[in-house]
Amino acid sequence: RAERAARRARAREKVGKAKGAARAELGAGGADEGWRRYGYALDPGLLSVEGLEDTVPRVDASGLSREEFWRRWEIPRRPVVLTGLGRDWPAHRRWTLSKLTKRAGSLKFKIGTDDDGYAVRLKFKYFADYVKDKHQAALDDSPVYVFDPLDRPWLQHLLGDYTVPELFGEDLFQHAAARRPPYRWMVFGPARSGTGIHIDPLGTSAWNALLSGLKRWVLFPPGVPLSALQARPPGVDREGVSWFKHVYPRTLHADWPHTRPIDLLQRPGETVFVPAGWSHAVLNLELSVAVTHNFCSSVNFGRVWRHARKSRPKMAAKWRAALRPVRPDLCAQADEMSSGDGSEDISSCSSTSTSSSSSTVRGGRDKPQPTGDEAQSKRCKVGEGGGVSVAADPSVPGSPLKMITQSAGGAPQAEVHILHHKK
């Protein structure tokens, strides 16, 4: 008994130190009074879903091709909940408090960021004790939670516990090699943990697969200013639970001048697709475990490229150079966008790429394009004031899907060829 008490005391000490580093404004050592100043644990309404109207469509992904997903959801930038993905993932049985404690208890996971921008990490066994202790996470206003990039060398063994769904299999950031931004995370959080309102970085889209628990989402389309959604009453912090408590109700008022929120309740086995540019906030209603990826596909490449070259120009230049031999069509699109905004062309693709209208390049292999009456076209609108024309021959397995991006004025900007798969 004495040994167990000493172990518990050590766990609390480690957790307190990590909490103090992650949120120094709440007091040194993760003092209870700072972490419980709002009394959110005593407010049952925060975790209630009574009256919540979930209007996001559910689609069985088992019969959904990548091209149909692009046409119906990714190109028009519409959120959707996909069912039937990842049913056989080992993560369902391996990513639990008890099993991860045995398997990775001594490994450190990120639970926050300090005032200098450095990651704050905590051994998983201490995090598990924090979650299970009825006097710790159960009482904190906004409990700490694991949100760790799975690219860390000591976490690589966890990557075998799930596979990226085929619908999201195109990974253009892989060509950025060592300079690629973080893009995949394990998310492990108790009730009232979560993320405040935000837009995913670099113009990427995202998918989030829930393994266990219950998550509440609120989404707003790109036309709603993020500044309006981030406006908080004086004295209220930026935590997700605080946003749901103080800001969300304001978006339901009759005088709210913007689009109303879209509510979503995510259950185990459901995968949420968040289109690029959509603001969203997430609250865990109970202990929840998920895996999430941000991604860049041929569909949103233009948007991602525009963001990347502004905020990460060195990475963007190396990324474009790496795309030249494998995706000359996208490289040409990047060139066109760069010349269109009057910026200096760092590594133009035009001198080395072949015409993108003659072939699709994927993994070094060329595939012929459908021509003439073989292609059936469909016009789809996208954001940012432009459009996309998609064309493919549905009768020919392996024929590519061609997208012609258009500027707001209607002039073609570039052709982007996407391989058409048949399941």
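A salt bridge, as the word is used here, is a side-chain nitrogen of Lys or Arg within 4 Å of a carboxyl oxygen of Asp or Glu. A search of the whole structure turns up 22 salt bridges.

You're looking at a predicted model, where local features need pLDDT of at least 70, side-chain atom pairs count only at pLDDT 80 or more, and totals for chains, interfaces and linings use all residues. Residues are numbered from 1 along each chain as its sequence is written, and side-chain values use heavy atoms, with hydrogens and water left out.

**Salt bridges**

| Asp140 | Arg36 | 3.0 Å |

Let's start with Asp140, which forms a salt bridge with Arg36. This pair links distant parts of the chain, 104 residues apart: Asp140 sits in the loop between helix H6 (124-132) and strand S5, and Arg36 in the loop between helix H2 (32-35) and strand S1 (58-60). The helices (H or I, at least four residues) and strands (E, at least two) are DSSP runs, numbered from the N terminus.

How covered are the two partners? We call a residue buried under 20% relative accessible area, exposed over 50%, and partly exposed in between (1.4 Å probe, protein chains only). Asp140 has a relative accessible area of 0%, so it is buried. Arg36 has 21%, so it is partly exposed.

Asp335 belongs to helix H11 (residues 328-340) and Arg320 to helix H10 (residues 313-326), so the pair ties together parts that are 15 residues apart in sequence. Asp335 counts as buried because its relative accessible area is 9%, and Arg320 counts as buried because its value is 2%.

Next, find strand S13 (residues 288-295), which is mostly covered: eight of its eight residues are buried. In a regular strand the side chains alternate between the two faces of the sheet. Along S13, Ser288, Ala290, Thr292 and Asn294 point one way, while Val289, Val291, His293 and Phe295 point the other way.

Which strands pair with S13? Two strands pair if DSSP finds at least two bridges between them. Strand S6 (residues 184-189) runs antiparallel to S13 and is joined to it by six bridges, with Trp185 standing opposite Thr292. Strand S8 (residues 205-212) also pairs with S13 in the antiparallel sense, over seven bridges, and here Ser205 stands opposite Phe295.

Strand S6 also holds Gly189, which counts as buried because its relative accessibility is 0%. Gly189 and Phe127 are 62 residues apart along the chain, and their C-alpha atoms are separated by 9.8 Å.

**A few loops**

Most residues other than glycine have a negative phi, and most peptide bonds are trans. Ala177 has a positive phi of about 50° although it is not a glycine. You'll find Ala177 in the loop between strand S5 (146-149) and S6. Leu202 has a positive phi too, near 60°, and sits in the loop between strand S7 (194-198) and S8. Is Leu202 buried or exposed? Its relative accessibility is 15%, so Leu202 counts as buried.

Val224 is in the loop between strand S9 (215-220) and helix H7 (226-230). Its relative accessible area is 4%, so Val224 is buried. Val224 and Trp278 are 54 residues apart in sequence, and 8.7 Å apart in space from C-alpha to C-alpha.

**A charged patch**

Finally, look at the surface, where Arg1, Arg4, Arg7 and Arg8 gather in a patch of positive charge. Patches are made of residues with over 30% relative accessible area and no salt bridge, with like charges joined within 9 Å and nonpolar side chains (Val, Leu, Ile, Met, Phe, Trp, Tyr) within 5 Å. Arg4 lies in helix H1 (residues 2-22). Its relative accessibility is 46%, so Arg4 counts as partly exposed.

Terms used: Accessible areas come from the Shrake-Rupley method with a 1.4 Å probe; for residues, only the protein chains shown count as cover. Lys and Arg count as positive and Asp and Glu as negative; His and the chain ends are not counted. The place of a charge is taken as NZ of Lys, CZ of Arg, CG of Asp or CD of Glu.
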